[in-house]
Amino acid sequence: MESLKRTKIKALLAMEPGVEVLAKGWVRTKRGNKQVKFIALNDGSTINNIQIVANTELFDEELIKRITTGASLSVKGDLVESVGSGQHVEIQAKEIEVLGECDPMRFPLQKKDTTLEFLRSVAHMRLRTNTFGAVLRIRNAMAFAIHKFFNEKGFVYLHTPLITESDAEGAGDMFQVTTMDLKNIPLDKKGDVDFSKDFFGKKTSLTVSGQLEGELGATAVGEIYTFGPTFRAENSNTPRHLAEFWMIEPEMAFYDINDNMALAEEFVKYLVQYALDNCMDDLKFLNQKYDEGLIERMQGVLGIPFQKVTYTEAVEILEKAIADGVKFEYPVHWGTDFQSEHERYLVEKHFQKPVILIDFPKDIKAFYMKQNPDGRTVRGMDVLFPKIGEIIGGSEREADLQKLETRIDELGMSRKNLEWYIDTRRYGSVPHSGFGLGFERLLLFVTGMANIRDVIPFPRTPKNAEF
């Protein structure tokens with residue numbers, strides 16, 4: 001059987017009949033009667049199965065019994081025109097080899113629909129389902145598109161460290177990294193943990209963002225982007241939070257807030273268009289099974305300019321909505337951080353298009369954002385999408401040395417591990433900007449999945465680090 005080269009099922013389904021082929025994959029279903037068996041075979045290259053027609057006279061009865069849902073097969077046969085509906089071609093089997101058997105009584109993926117919640121408990125197996133095959137292929141396409149977008153613009157892909165001593169967000173929700181014996185932690189004379197005895201000689205954690213290091217790259221080679229895992233030790237067990245997730249963070253020298261907004265809008269539109277152009281079979285499946293508005297919603301963010309709104313204007317809009325009887329779970333007043341319900345109201349109800357929020361109160365934003373002349377607000381920006389809320393957060397960075405140092409002191413932040421960052425403002429400072437796109441947030445939008453745990457292969461959440 002091996003003398004013939006295997007062809008992936010995605011390619012087989014696009015071929016014309018009349019040739020001998022070799023297919024390999026896993027059995028999705030088997031049906032039929034005593035004379036003929038119809039086997040749906042899938043190898044992960046496409047959401048679509050190819051039908052194997054096996055005349056039982058040609059095959060041993062024991063072999064047919066071993067062909068069960070989940071088993072892996074190698075099938076040699078003739079690619080013929082399909083008489084059934086749903087596919088253009090099928091394989092008339094001449095040789096079948098069972099590569100790996102699957103006990104149908106113990107296999108966790110049964111024919112009947114299983115809930116996404118159940119599938120999370122068998123995350124090592126859920127990748128074999130149609131749903132997660134579609135999600136993984138879309139995730140792969142989006143990762144490729146991200147690199148393609150920045151490469152075409154001449155950005156440098158920068159690898160920033162996963163282990164760091166700096167808390168870019170200032171929230172303090174970081175996973176500590178240590179090699180110390182937790183049963184015998186060394187203490188200094190004051191009774192505090194003596195981190196000088198630790199592997200790095202100082203307290204270190206998993207990164208929450210590559211932004212600060214990214215700024216170093218931007219002030220060296222002009223335009224960079226990072227794309228890697230980040231970690232937040234926030235005890236949030238919600239459908240929108242993960243403890244380990246992936247971030248895309250471009251940083252650009254000589255960009256002001258307007259350049260930043262333009263790049264962010266171009267970027268997300270590019271990614272959505274790429275998904276529509278290259279993942280339509282998977283999108284149609286997810287649209288039909290989980291979210292009937294998925295494709296229409298994706299198309300709806302293209303071809304229109306995003307609405308730019310100041311934070312102050314947004315507060316006024318939300319306060320008017322409340323006065324008109326709209327109910328929100330969380331309060332709204334100037335100085336509060338918007339919740340997802342507020343963001344989605346602005347996008348889905350009020351403007352009915354993506355929104356870019358700008359000019360936030362400085363007290364609810366990070367220390368590195370450029371201050372506006374009013375002394376109250378900063379040049380931050382959040383891109384808000386339907387069904388998701390915030391999908392991008394960014395800002396023009398504070399390039400003025402004195403203002404940055406004053407803000408660090410106001411917040412009582414330790415200067416000890418920030419001097420290297422402040423150096424970018426001491427030596428050849430330039431206007432510069434950047435933003436972060438949560439990869440899984442993007443995937444929620446382009447897959448229609450409702451829970452962020454279902455767009456990453458192996459989710460890491462509070463009390464869950466399986467597989």
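Author: The structure, which is a predicted model, holds 32 salt bridges. In general terms, side chains of opposite charge can pair when their charged atoms come close.

One of these salt bridges is formed by Lys94 and Asp78, whose closest N and O atoms are 3.4 Å apart. Lys94 belongs to strand β5 (residues 89–100) and Asp78 to strand β4, so the pair ties together parts of the chain separated by 16 residues in sequence. Lys94 has a relative accessible area of 40% and is therefore partly exposed. Asp78 is likewise classed as partly exposed, because its relative accessible area is 30%, a value between the limits of 20% and 50%.

Strand β4 (residues 72–81) runs antiparallel to strand β1 (residues 19–32), and eight bridges join the two. Within this pairing, Lys24 has Ser74 of β4 as its bridge partner. Strand β1 is also joined to strand β2 (residues 36–42), again in an antiparallel arrangement, by six bridges. Here Gly32 is partnered by Lys37 of β2.

Lys197 is exposed, since its relative accessible area is 56%. Asp194, by contrast, counts as buried because its relative accessibility is 14%, which falls under the 20% limit.

Asp382 and Lys365 form another salt bridge, and their closest N and O atoms lie 3.4 Å apart. This pair links distant parts of the chain, as Asp382 is in strand β14 and Lys365 is in the loop between β13 and β14, 17 residues away. Asp382 is buried because its relative accessible area is 5%. Lys365 is buried too, since its relative accessible area is 17%. Beyond this pair, salt bridges with shared partners connect Glu405, Asp409, Arg415, Glu419, Asp423 and Arg426 into one network.

Gln371 counts as buried because its relative accessibility is 17%. When neighbours within four places in sequence are left aside, Gln371 is in contact with Lys362, Thr377 and Val378, and also with Glu398, Lys403 and Arg407.

The chain has 14 helices and 16 strands, and 50% of its 467 residues count as buried. Among contacts with a separation of 6 or more, 67% involve residues 24 or more positions apart. The C-alpha atoms fill a box of roughly 85 × 60 × 45 Å along the principal axes. The accessible surface amounts to about 22800 Å², and carbon and sulfur atoms account for 50% of that surface.

Definitions and conventions. Residues numbered from 1 in each chain as written. Predicted model: local features only at pLDDT ≥ 70, side-chain atom pairs only at ≥ 80, totals over all residues. Heavy atoms only, no water. Buried < 20%, exposed > 50% of the residue type's maximum accessible area, 1.4 Å probe, protein only. Contact = heavy atoms within 4.5 Å. Pairing = 2+ DSSP bridges. Helix = DSSP H or I, 4+ residues; strand = E, 2+ residues; numbered from the N terminus. Areas by Shrake-Rupley, 256 points an atom, 1.4 Å probe, with all protein chains shown as cover. Salt bridge = Lys/Arg side-chain N within 4 Å of Asp/Glu carboxyl O.
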